[in-house]
Amino acid sequence: MLLEAHLRLCHSCLWFCKSSQRLFSLCTAHRSSTNYYELLGVKPDATLEQIKNAFFDKSKKLHPDSDPSNPGLHSQFVQLNEAYRVLSREGSRQDYDLRLRYPYTAGPAFRSSSSTNSPSAEAAESMRYWEQFRQAQPQENTVEEREKSKKRNMRLVGYCVLTMLLSISVHYFGFRKLEEVHYNFMDEKDRVINEIYNTSKERARVNGFKKQQEILRQKHAEFLERYKIRSNGEEK
């Protein structure tokens, strides 16, 4: 048990030392890493043609053959070639730009292809996705813009209220017109019924009682004949 505890303690110490060394190497690499844009003397938004022209100008000055007595030109020329190799390709340039913005979010600092591999496409796409939210800064509305927005909202509310009043007016006058048509129809119906009643009453008065009885018997007989009904109420 004691030996196992010592082994666990040693394992924890080794893991802590490796983590500390890795973190220290990341910080050192980030501090000492050369900015390729500054090395070429161009801006981060420079075009490929500008990068190419800057590389040609710098390579003439830093070429080892230009000053054989200066041994430091070789390392500078190597760094210049590495910067041009990274920035002249779209994929490697995008990865390098992401590393500059987030030096501690996607693994170790950017190195040449001979020492490390570039990040996966999924990680790069994820970083580009979150970048658009970081770049979108909330815009503060000025007093003039707030006044314009307030007037626009009030105008919209006024249009809504006006539309509602017009709709209520149309419904009101529509129902009034429908009510008027209905009353006119009922009045016309009553007038026709009263006219038929008065006509029948006047005809009965003119014909007299006996003639009116004969007319009623005749109408009754025609009714029975039409519907084939016997005098006792049974159908034929």
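## Annotated transmembrane span

The end C-alpha atoms of residues 156-175 lie 29 Å apart in this predicted model, and the span is 100% helix and 0% strand. Helices (H or I, at least four residues) and strands (E, at least two) are DSSP runs, numbered from the N terminus. The unreviewed UniProt entry annotates residues 156-175 as "transmembrane region"; such annotations may be inferred rather than shown by experiment.

Residues are numbered from 1 along each chain as its sequence is written. In this predicted model, local features need pLDDT of at least 70 and side-chain atom pairs count only at pLDDT 80 or more, while totals for chains, interfaces and linings use all residues; side-chain values use heavy atoms, without hydrogens and water.

## Salt bridges

Four salt bridges are counted, each defined as a side-chain nitrogen of Lys or Arg within 4 Å of a carboxyl oxygen of Asp or Glu. One of them joins R85 to E82, with the closest N and O atoms 2.8 Å apart. These residues are three apart in helix α4 (residues 72-87), and so are separated by about one helical turn. R85 is partly exposed at 24% relative accessible area, whereas E82 is buried at 17% (buried is under 20%, exposed over 50%, partly exposed in between, with a 1.4 Å probe and protein chains only).

In helix α7, K148 and E144 are four residues apart, and their closest N and O atoms are 3.7 Å apart. E144 is exposed, at 54% relative accessibility. E188 and R191 form a salt bridge of 2.5 Å, N to O, and a network of salt bridges links E188, R191 and E195.
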